[in-house]
Amino acid sequence: MRVLIVDRCIQSTIDISNYLSDSNIELDFAYHGISALELIIKNEYDILILDACITKLDALSLSKKLRQQLFSSMPIIVLSKQTELAFKVQCFEAGVDDVVAKPCAPQELYHRILAMAKRGPLRGIGQQKIADLSVDYNAATITRGTRKIKLHQMQMKIIKVLAQHYPNTVSREVLEQEIWSGVLPDSSPLRTHIYRLRQNIKNQLDRDIISTVYAKGYKIA
DNA sequence: GCTCCCGGAATTATCATCGG
DNA sequence: CCGATGATAATTCCGGGAGC
């Protein structure tokens with residue numbers, strides 16, 4: 001198991017490293033948010049541990065970036081001296097899985113890492129799990145069970161926007177804005193692309209994953 | 001020249017609303 | 001409640017452009 005610890009306090013990282021030296025956990029360290037992000041993109045980690053006070057890219061921004069832009073499902077634990085509810089809520093809204101009060105005993109951290117690791121297999125960057133579907137943005141594929149569908153560029157854009165808003169409904173206007181980046185085509189080819197996407201998915205998965213919410217938009221069912 | 005992908009447009013189907 | 005009507009969505013076909 002590979003864990004990335006991001007903390008600007010070198011002594012903290014030394015303490016954790018010493019405690020975990022006998023475990024089968026491979027540790028990497030970063031001392032600010034930007035270098036953490038670079039490591040995450042370059043390597044694959046099973047768990048990310050973030051100190052709330054990291055610099056350059058703060059813990060909440062880094063978490064949001066991982067969830068919303070890189071579609072990473074990697075478990076994130078935040079260590080923080082702030083333990084009030086409002087801060088915790090902010091963390092969870094940013095995509096953090098667990099908030100641990102500092103100072104935190106290395107033993108407690110070790111067991112939290114083990115607990116997180118039990119949740120499931122590693123999921124890399126560019127992949128998102130939605131219901132029983134797995135969306136791979138790098139390979140432009142959707143996988144359900146053993147069935148994998150290759151999507152066209154436009155179909156992938158539609159899925160991406162719907163996935164970003166899952167489980168909410170996305171209006172046609174938002175879809176068009178995000179797909180064509182504000183430069184909308186003269187007519188509305190969105191209908192055509194939605195239809196083709198549905199046909200593509202139906203043919204491969206034997207079911208439709210896009211549902212229409214009349215006069216509201218579309219969502220992933 | 002052929003194929004694939006995309007946008008445009010027409011037609012058909014479905015849904016929501018309103019009045020009797 | 002039910003039918004008429006308008007709004008919205010689904011389906012289908014066609015043509016253009018890019019890539020091979």
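These legends walk you through several close-up views of one predicted model. Residues are numbered from 1 along each chain as its sequence is written, chains are lettered from A and ligands numbered from 1 in the order in which they are written. In this predicted model, local features need pLDDT of at least 70 and side-chain atom pairs count only at pLDDT 80 or more, while totals for chains, interfaces and linings use all residues, and side-chain values rest on heavy atoms, with hydrogens and water left out.

**View 1. Chain A as a whole.**
Chain A holds eight helices and 11 strands; helices (H or I, at least four residues) and strands (E, at least two) are DSSP runs, numbered from the N terminus. The C-alpha trace spans about 60 × 35 × 30 Å along its principal axes. Of the 221 residues in chain A, 43% count as buried; buried means under 20% relative accessible area, exposed means over 50%, and partly exposed lies in between (1.4 Å probe, protein chains only). Among the contacts in chain A with a separation of 6 or more, 55% come from residues 24 or more positions apart, where contact means heavy atoms within 4.5 Å.

**View 2. Helix α1 meets helix α5.**
Here you can follow two helices, α1 (residues 10-20) and α5 (residues 106-117), whose axes come within 10 Å and cross at roughly 65°. Axes are lines fitted to C-alpha atoms, for helices over the stretch in contact, and angles run from 0 to 180 degrees between N-to-C directions. α1 and α5 are therefore roughly perpendicular to each other; angles under 35 degrees count as roughly parallel, over 145 as roughly antiparallel, 65 to 115 as roughly perpendicular and the rest as oblique.

**View 3. The residues where α1 and α5 touch.**
On the α1 side look for D15, I16, Y19 and L20, which meet P106, Q107, L109, Y110 and I113 of α5. The residues of this contact divide into seven nonpolar, one polar and one charged (Ala, Val, Leu, Ile, Met, Phe, Trp, Tyr, Cys and Pro count as nonpolar, Asp, Glu, Lys and Arg as charged, and the others, Gly among them, as polar).

Side chains of opposite charge can pair when their charged atoms come close. A salt bridge is a side-chain nitrogen of Lys or Arg within 4 Å of a carboxyl oxygen of Asp or Glu, and the whole structure has six of them. In one, the side chains of D51 and K102 meet at 2.4 Å, N to O. D51 lies in strand β3 (residues 47-51) and K102 in the loop between β5 (98-101) and α5, so the pair ties together parts 51 residues apart in sequence. D51 is buried at 3% relative accessibility, whereas K102 is partly exposed at 23%.

**View 4. R112 and its two partners.**
The side chain of R112 meets that of D98 in a salt bridge (2.6 Å, N to O). E108 and R112 are four residues apart in helix α5, so about one helical turn separates them. R112 is partly exposed at 28% relative accessibility, D98 is buried at 17%, and E108 is partly exposed at 33%.
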